[in-house]
Amino acid sequence: MSVATLEEGPLLGPSFFLSRTALRPLALAHRDTYGTARPHPHVVIDGFLGERLATGLAGVFPGATGASWLRRDHPEQAARLGQLQRKAFEGVHGALRHLLSEFSSMSFLDFLETLTGIKGLIADPHFRGAGLHLTLPGGHLALHADFNRDRTRALTRRLTVLYYLNPGWDPAWGGDLELWSADLTRCEARIAPVLDRLVVMAHGDTHWHGHPSALACPEGRGRATVAAYFYTAEASPDAPEAHSALWAPVRP
């Protein structure tokens, strides 16, 4: 059963929407795996949207010259393109922009909460640090632990979601997401960036991950990723006590 439904619109053509009904049993089926995974909670779900939809999304994913990317070339990360959110994903195909919107939807948030047990998850509609990423041949991303706060909204980072759009990915090209132990002595999980694969990972300051080896894909190919980050709010001792609506007295 697909987690996405296709609908025909009179103006925009076929659209897809994540199905809350289909996502709930998927979350229940994987929540034990998520909680017990090593080296830190995570889960890998293949065939998330279905081959037809995933292939279509991969076909409109912008190439190296197909969008106003910013490129990073540093010792920690090289030949990596991103930061399309700085222009609100202007010029990105509507299907990909819609996917980003669906990753912020009630259906997907409910899915993540059921999967992970974390309540009150908050999406980031600005996709700070997230959105679309493309790693070019020779590129890499060193092992790292992600930033922990959304300072603008005073929120705490809880989850990372990665969705891969790489049809026909050859294992010889590398690009596996590596998850390392907290003491950085061993790689405990490798996740290939194959088409229609969804990864959900817990955030933590010792949750080391990356794809540190140089990408060996041929020219004209790249490692395409859609990323979304999720947060929770912390209770403030200064916050007013919660109440329902306050109704003005009815005047006689």
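Student: How much space lies in the largest pocket?

Tutor: About 550 Å³ lies in the largest pocket of this predicted model. A pocket is an open set of 1 Å grid points over the protein atoms alone, with protein on both sides within 12 Å along at least five of seven lines. Volume is the space filled by probe spheres on points joined across faces, edges and corners. Residues are numbered from 1 along each chain, and side-chain values use heavy atoms, without hydrogens and water. Local features need pLDDT of at least 70, side-chain atom pairs 80 or more, while totals for chains, interfaces and linings use all residues.

Student: Which residues lie nearest the centre of the largest pocket?

Tutor: Lining residues have an atom within 4 Å of a point. The largest pocket has 27 of them, with Arg80, Leu141, His144, Asp146 and Tyr229 nearest its centre. Strands (DSSP E runs of at least two residues) giving two or more include strand 5 (77-82), strand 9 (155-164) and strand 14 (223-232). Strand 7 gives the largest share, 6 residues.

Student: What lines the largest cavity?

Tutor: In a cavity, a 1.4 Å probe fits but cannot get out. The model has 1 cavity of 30 Å³ or more. The largest cavity holds about 50 Å³. Its lining is His40, Asp146, Thr160, Met201, Ala202, His203, Gly204, His207 and His209.

Student: Where is there a cis peptide bond?

Tutor: Between Arg38 and Pro39, with omega about 10°. Pro39 sits in the loop leading from helix 1 (20-36; helices are H or I runs of at least four) to strand 3 (42-46).

Student: Which non-glycine residues have positive phi?

Tutor: Among them, Phe127 at about 50° and Asp196 at about 70°. Phe127 lies in the loop between strand 6 (122-123) and strand 7. Asp196 lies between strand 11 (187-191) and strand 12 (197-202).
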